[in-house]
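Trainee: I have a new structure open and would like to learn how to read it. Could we go through it together, one question at a time?

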Amino acid sequence: MQKEVKLKWILIANLFTNIGMSFIWPLTSVYLHDRLGISLSIIGIVLFCNSFASVLGSLVAGVLFDRLNRYRLFMAGGIGAILPLSFLIFFHGWPAYPFLLVGLGFANGWNKTLLNSIGASLRSYDGRYVFNMIYFVNNLGMVMGTAMVGFIFNTSVALLFVIAAVLYVIYLVIAVRSFQPINQAHLPASTLVKEKITLAPKNKALIYSLYAALFFAWIMYQQWISNLSVYMTDNGLRLSQYSLLWTINGIVIILVQLFLVKFASLLKNIMFQIFGGLVMLALSFIFLIFAKNYGYYVLAMIVLSLGEATAFPAIPTVVSQLAPKKAQGRYLGLANSFISAGQAIGPLFGGLVIDHASYKALFIVAALTNLLLASAFLFIGKLTGPIEEEI
């Protein structure tokens with residue numbers, strides 16, 4: 001039997017890559033607008049291109065994961081992230097920054113899909129446990145990175161890229177030393193996936209309904225990231241108060257993930273976990289509709305965090321259970337692509353609704369969308385019963 005990569009190395013690799021990326025995404029808008037004088041509309045296009053590149057990276061990595069030597073794919077992903085970060089140390093002006101950011105987005109989507117796919121391939125752990133741990137570590141990395149990024153950014157922009165590049169070098173070293181079990185270079189070509197993969201119609205319908213849920217839920221979730229800061233400051237609150245909400249978000253997610261890792265088995269049908277998470281996402285926007293002081297925003301963020309911590313890691317878990325074992329890279333890559341597509345479209349969608357209606361109209365649309373998704377999964381959960389893994 002072929003040896004597996006140890007889960008701890010997958011989690012550590014996720015931790016370093018997420019700390020590295022959390023040095024990049026929070027500063028992009030502020031850096032381009034305040035330091036380089038780029039308009040918000042152009043910044044929106046840059047962020048869209050970055051997310052689109054991440055979609056492509058996820059799709060390509062997912063397909064290749066099932067066909068080529070996985071060890072070499074990890075090497076390519078590590079080098080693919082280190083190169084643009086290394087160039088950014090010296091060339092972080094305009095127009096070099098957006099082009100290098102797009103390259104980094106492709107590498108980020110690539111690496112995220114590979115790490116999720118190799119986690120899904122583990123047979124010594126329950127899939128729900130693996131994805132809960134990955135989600136926990138991802139958010140721990142985000143909290144650690146965002147806690148440091150402001151201080152480092154005020155010291156030196158170049159230093160941010162130096163540290164991020166070093167973190168990806170560590171990721172590459174981990175992959176080289178600890179991912180040897182997936183090195184299939186010595187295996188005959190017949191062991192790699194060449195045959196056509198078929199998927200049961202019921203499983204296919206469920207998987208694509210999960211993709212749709214990821215896409216629309218992330219469009220709405222992006223409103224918290226892209227538009228809520230302006231809404232709060234327009235209502236007399238400070239930007240530091242908005243930043244504090246994301247610290248609360250990280251803490252709540254970490255606590256919820258610790259609970260789910262320990263007691264996930266208590267919920268037999270994971271579809272109801274997705275249902276509950278989507279309901280809480282909807283409630284967070286309902287609280288925003290009636291927000292009158294900072295306490296409402298804190299409460300809304302706590303509810304949002306509970307929702308994302310339960311729904312978002314559960315969806316790739318179900319995808320990995322429904323997908324054929326020999327094609328999990330492809331289907332998990334698609335899942336990451338739908339997430340990235342939602343992240344790309346979210347700010348544009350929110351801006352259009354705000355311009356043609358109002359912030360409250362946006363919150364109502366977001367709440368109703370998540371409630372509709374939740375209702376669909378409540379029906380699906382009753383219809384399917386507990387999810388059975390595809391062979």
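Predicted model: local features only at pLDDT ≥ 70, side-chain atom pairs only at ≥ 80, totals over all residues.

Trainee: What share of the residues of the chain count as buried?

Mentor: A residue is called buried when its relative accessible area is under 20%. The chain has 391 residues, and the share of them that passes this test is 55%.

Trainee: Which residues touch the most other members of the largest nonpolar core?

Mentor: That core holds 70 residues. Helices that each supply at least two of its residues include H6 (127-155), H8 (201-226), H11 (270-289) and H14 (359-384). There is also a second, separate core of 59 residues, with Ile 24 and Phe 161 among them. In the largest core, the residues you are asking for are Trp 224, Leu 228, Ile 274 and Tyr 297.

Trainee: Leaving out residues up to four places away in sequence, which residues does Ile 274 touch?

Mentor: Ile 274 is one of the residues that touch the most other members of the largest core. With sequence neighbours up to four places away not counted, its partners are Leu 210, Ala 311, Ala 314, Ile 315, Val 318 and Phe 377.

Trainee: Is Thr 17 buried or exposed?

Mentor: First find Thr 17 in helix H1, which covers residues 7-22. Beyond its sequence neighbours, Thr 17 touches Leu 115, Tyr 168 and Tyr 171, and a polar atom of its side chain lies 3.0 Å from the backbone oxygen of Asn 14. Its relative accessible area is 6%, and because the cut-off is under 20%, Thr 17 is buried.

Trainee: How far apart are the C-alpha atoms of Asn 336 and Leu 56?

Mentor: Asn 336 is found in helix H13, while Leu 56 is found in helix H3. Along the chain they are 280 residues apart.

Trainee: Which helix gives the most to the nonpolar patch?

Mentor: The patch covers about 530 Å² of surface and is made by Phe 48, Phe 52, Leu 56, Leu 59, Val 60, Phe 106 and Ile 345. Five residues come from the helix that spans residues 40-65. That top contributor is helix H3.

Trainee: Where is the cis peptide bond that runs from a Trp to a Pro?

Mentor: It is worth a look, because most peptide bonds are trans. The Pro lies in the loop between helix H4 (70-90) and helix H5 (96-120). With omega near 10°, the cis bond runs from Trp 94 to Pro 95.

Trainee: Leaving aside neighbours within four places in sequence, which residues are in contact with Asn 108?

Mentor: Asn 108 has its place in helix H5, and it counts as buried at 17% relative accessibility. Once the neighbours within four places are set aside, its contacts are Met 21 and Tyr 168.

How values were computed:
Residues numbered from 1 in each chain as written. Heavy atoms only, no water. Helix = DSSP H or I, 4+ residues; strand = E, 2+ residues; numbered from the N terminus. Buried < 20%, exposed > 50% of the residue type's maximum accessible area, 1.4 Å probe, protein only. Polar contact = N/O pair within 3.5 Å; in protein donor to acceptor, adjacent residues only side chain to side chain. Contact = heavy atoms within 4.5 Å. Core = buried A, V, L, I, M, F, W, Y, C linked by side-chain atoms within 4.5 Å. Patch = residues over 30% accessible without salt bridge, like charges linked within 9 Å, V, L, I, M, F, W, Y side chains within 5 Å. Areas by Shrake-Rupley, 256 points an atom, 1.4 Å probe, with all protein chains shown as cover. Salt bridge = Lys/Arg side-chain N within 4 Å of Asp/Glu carboxyl O.
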